[in-house]
Amino acid sequence: MEAETDIKYIQKQLGHGSNQITADVYAHVSSKIKKKNTERVNSRLNDVLNDVFFSFFGVKWGCG
């Protein structure tokens with residue numbers, strides 16, 4: 001999962017009957033995944049804030 005391999009592929013390789021079984025067993029959230037997703041969310045929020053602040057105030061948000 002950390003290697004971003006498709007869960008359907010993993011499911012088939014392991015012979016699980018459903019994606020849910022695979023996810024329940026192997027999709028624990030690691031610190032690496034948490035960090036990567038946090039960075040993605042922060043980046044997107046920064047983009048949105050920049051757009052909104054620029055639209056209203058003509059300046060960029062100061063977070064990035």
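The following paragraphs describe the fold, surface and side-chain contacts of a predicted model of one protein chain.

Residues are numbered from 1 along each chain as its sequence is written. Local features need pLDDT of at least 70 and side-chain atom pairs count only at pLDDT 80 or more, whereas totals for chains, interfaces and linings use all residues; side-chain values use heavy atoms, with hydrogens and water left out.

The protein chain contains 3 helices and 0 strands, arranged along the sequence as α-α-α. Helices (H or I, at least four residues) and strands (E, at least two) are taken as DSSP runs and numbered from the N terminus. Of the 64 residues, 11% count as buried, where buried means under 20% relative accessible area, exposed over 50%, and partly exposed in between (1.4 Å probe, protein chains only). Among contacts with a separation of 6 or more, 21% join residues 24 or more positions apart, a contact being heavy atoms within 4.5 Å. The chain exposes about 5,300 Å², of which carbon and sulfur atoms supply 57%; accessible areas come from the Shrake-Rupley method with a 1.4 Å probe, and for residues only the protein chains shown count as cover.

Helix α2 spans residues 19-26 and includes Ala23. Ala23 is partly exposed, because its relative accessibility is 23%. The C-alpha atoms of Ala23 and Lys8 are 9.8 Å apart, and the two residues are separated by 15 positions in sequence.

Helix α3 covers residues 31-57. Its 27 residues reach 37 Å from the first C-alpha to the last, close to the 39 Å expected at 1.5 Å a residue; the expected span is 1.5 Å times one less than the number of residues. Gly58 follows α3 and has a positive phi, near 75°.

The whole structure holds 1 salt bridge, defined as a side-chain nitrogen of Lys or Arg within 4 Å of a carboxyl oxygen of Asp or Glu. In this salt bridge the side chains of Lys35 and Glu39 meet at 3.3 Å, N to O. Both residues lie in α3, 4 residues apart, or about one turn of the helix. An α-helix has 3.6 residues a turn, so residues three or four places apart point the same way. Lys35 is exposed, with a relative accessible area of 53%, while Glu39 is partly exposed at 44%.

A search of the whole structure gives 2 aromatic pairs. The rings of Phe53 and Phe57 form a tilted pair, because their centres are 5.3 Å apart and their planes stand at 50°. Rings of Phe, Tyr and Trp (its six-membered ring) pair if their centres lie within 6.5 Å, with planes under 30 degrees apart counted as stacked, over 60 as edge-to-face and the rest as tilted. Phe53 and Phe57 are 4 residues apart in α3, and therefore separated by about one helical turn. Phe53 is partly exposed at 24% relative accessibility, whereas Phe57 is exposed at 59%. Phe56 and Phe57 form a tilted pair, 6.4 Å centre to centre with 50° between the planes. Phe53, Phe56 and Phe57 form one aromatic cluster.

Phe56 and Phe57 also belong to a nonpolar surface patch with Val48, Val52 and Val59, with about 500 Å² of accessible area together. Patches are made of residues with over 30% relative accessible area and no salt bridge, like charges being joined within 9 Å and nonpolar side chains (Val, Leu, Ile, Met, Phe, Trp, Tyr) within 5 Å. Val52 lies in α3 and is partly exposed, with 37% relative accessibility.
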